[in-house]
Amino acid sequence: MFDLWRDKGSTAEEKRQELLSAYLDNALAPVEREQFETKLAGDPRLQAELQQLRALKLTMQRMPRRRVPRSFALDPAVYGRPKSQPLLQLYPVLRGATALTAFLLIFTLALGVFRGGFAPAGPVAAPASEVALSNESMAESAPAAEAAIPFEAAATSAPDLRDSAPAEPELSAPAAVTGQETAEGEQGADSPALEGATEGVDTVAVTVAPAGEMGTMATEAVGVAEEVSPAATEVPPVIPTEESSPAGMSLLRSVQIALAIAFILLLALFFLARRQVNRL
Amino acid sequence: MDEETLIQRAQKGDVAAFNRLVVQYQELVFNVAYRIMGDPAVAEDVAQETFIAAYQSLRSFRGGSFKSWLMRVATNRCYDELRRRKRRPQTSLDEIMDENESFAFLRSPNDSPETHRQRVELALAIEQCLKSLPDDQRIVTVLGDVEGYDYNEIATITKTSLGTVKSRLSRARAKLRECLQALGGELLPAAYRLDNEGLSAR
């Protein structure tokens with residue numbers, strides 16, 4: 001692979017010699033050969049040089065062989081059965097398996113990035129649809145949800161608003177409990193607030209609204225989404241929907257880890273086998 | 001028994017079948033090792049290691065040219081030995097002259113004493129000049145010019161690119177020409193005359 005580096009730095013004279021040598025060995029492409037022969041026809045010095053090279057090649061070819069000093073036959077008593085070298089025999093299989101595992105790993109990583117890019121929309125959309133399923137909370141939650149959605153992309157922070165909505169951490173808690181167990185768990189929400197949050201949906205909706213208006217920092221964007229999801233505690237069908245996305249992500253993560261481990265193991269075996277092949 | 005059958009039997013553990021292959025190829029392997037290593041005693045060890053390694057790895061041979069496969073094993077053993085010794089074999093002309101038994105194989109029935117002397121001088125000069133080459137260049141010269149492998153075969157045996165083979169062979173030939181001219185300016189024209197006497201033209 002790195003032979004290119006060795007050829008760098010050939011002088012013009014060396015390249016000329018190379019052309020002469022390759023012509024002698026009939027190793028030039030037809031076009032190159034034709035060009036060289038045209039040049040050869042009009043250059044007696046080049047013809048003499050070619051003649052000398054031909055003489056050298058003939059001399060080397062006709063070097064007589066020495067007789068072997070002894071027999072190199074193997075002693076059956078010592079060398080019985082050829083020793084089994086499983087790595088050597090499995091080399092082509094290992095090569096294919098390593099390549100396939102690498103491909104699958106890259107594919108699952110790309111899939112993870114792709115799904116992760118749409119993840120924030122999931123919990124927001126889910127609660128939004130969940131809200132549609134609820135009864136009296138729907139009217140209040142929907143606007144809150146709509147308010148919450150823009151905040152996914154919001155970059156401004158409003159710590160004051162956060163302070164004015166003391167129920168917000170409590171709202172975050174139920175959201176964490178309802179199953180957004182992945183990044184949302186970072187909220188560090190406490191579940192005890194869950195029960196309080198389930199009472200008085202109106203209160204929840206009201207508190208959600210100002211919380212929804214709040215600009216979000218990175219974690220708050222998710223927190224806002226979670227604020228809308230308290231409604232989910234009243235809508236049991238919502239829970240499975242919320243849980244399928246994070247569950248899917250964790251499954252993908254497990255697959256990625258398994259593939260990464262498999263790839264590393266196969267790569268190690270492949271290099272060991274290749275070393276044995278190269279030592280043949 | 002044909003070669004393919006011998007190989008198949010040897011792959012199953014038939015040492016006698018493998019030894020028939022050894023008999024067929026041992027002169028080739030020994031001479032390649034000798035030209036690369038420059039020392040008959042070392043060449044003996046390398047040749048033996050080659051056949052041992054070939055037998056033990058025979059199951060990895062999956063068809064194609066057994067001769068080329070064996071050459072790769074031999075070349076790799078030479079590389080290993082060269083790395084072990086970490087020196088280029090350098091024997092003075094006087095030391096080579098002392099190996100009286102090595103000249104017998106140069107004798108041709110129609111040779112006059114003068115012709116024989118020229119042959120010996122030329123052989124010694126070529127050996128000397130081959131030894132002065134860098135290892136990589138010497139190996140491609142032995143495989144290409146001495147043993148007659150083409151560029152593609154040499155590239156496969158030495159696991160290098162076609163461009164590298166061309167480059168190394170060209171440089172080796174330039175160095176050999178200079179070396180032979182330095183040792184005795186008439187060697188090459190004499191060699192050319194020797195080659196034309198009673199030999200078919202190429």
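Predicted model: local features only at pLDDT ≥ 70, side-chain atom pairs only at ≥ 80, totals over all residues.
Residues are numbered from 1 along each chain as its sequence is written, chains are lettered from A and ligands numbered from 1 in the order in which they are written, and side-chain values use heavy atoms, with hydrogens and water left out.

View 1. A salt bridge here is a side-chain nitrogen of Lys or Arg within 4 Å of a carboxyl oxygen of Asp or Glu. Helices (H or I, at least four residues) and strands (E, at least two) are DSSP runs, numbered from the N terminus. An α-helix has 3.6 residues a turn, so residues three or four places apart point the same way. B:E81 is buried at 9% relative accessible area, while B:R84 is exposed at 53%. The cut-offs are under 20% for buried, over 50% for exposed and in between for partly exposed (1.4 Å probe, protein chains only).

**View 2. Two salt bridges inside chain A.** A:E37 pairs with A:R33, the closest N and O atoms being 3.4 Å apart. These two are 4 residues apart in helix 3 (residues 30–41) of chain A, so about one helical turn separates them. A:E37 is partly exposed at 33%, and A:R33 is partly exposed too, at 25%. The other bridge joins A:E49 and A:R16 (2.9 Å, N to O). Here the pair links distant parts of the chain, with A:E49 in helix 4 and A:R16 in helix 2 of chain A, 33 residues apart. A:E49 counts as buried at 10% relative accessibility, whereas A:R16 is partly exposed at 23%.

**View 3. Where chain A meets chain B.** Across this interface, 50 residues of chain A are in contact with 69 residues of chain B, contact meaning heavy atoms within 4.5 Å. The buried area is about 5900 Å², and carbon and sulfur atoms give 54% of that. Buried area is the accessible area (1.4 Å probe) that two parts lose on being put together, summed over both. How many salt bridges are there between chain A and chain B? The count is 5, and one pair to look for is B:E44 with A:R70, whose closest N and O atoms are 2.9 Å apart. There are also 15 residue pairs in polar contact across the interface, both residues at pLDDT 80 or more. A polar contact is a pair of N or O atoms within 3.5 Å; within protein, one must be able to donate a hydrogen and the other to accept it, and residues adjacent in sequence count only if both atoms are side-chain atoms. On the chain A side, helix 4 of chain A gives the largest share, 11 residues.

**View 4. Helix 7 of chain B, largely enclosed.** Of the 12 residues of helix 7 (residues 135–146) of chain B, 10 are buried, so the rest of the structure largely encloses this helix. Among the buried ones are B:I139, B:V140, B:V142 and B:L143, along with B:R138 and B:D145. The buried residues pack against helix 4 of chain A, and against helix 2 (15–37), helix 4, helix 6 (113–131), helix 8 (151–158) and helix 9 (162–183) of chain B. After helix 7 of chain B comes B:G148, with a positive phi near 85°.

**View 5. The largest nonpolar core, and a second one.** A nonpolar core is a set of buried Ala, Val, Leu, Ile, Met, Phe, Trp, Tyr and Cys residues joined through side-chain atoms within 4.5 Å. The largest one has 69 residues, and B:F18, B:I36, B:F51, B:F66, B:W69 and B:M71 touch the most other members. Helix 2 of chain B supplies the largest share, 14 residues. Leaving aside neighbours within four places in sequence, B:F18 is in contact with A:L74 as well as B:A10, B:F51, B:A54, B:Y55 and B:L58. A second, separate core of 14 residues includes B:A125, B:I126, B:V146 and B:L176.
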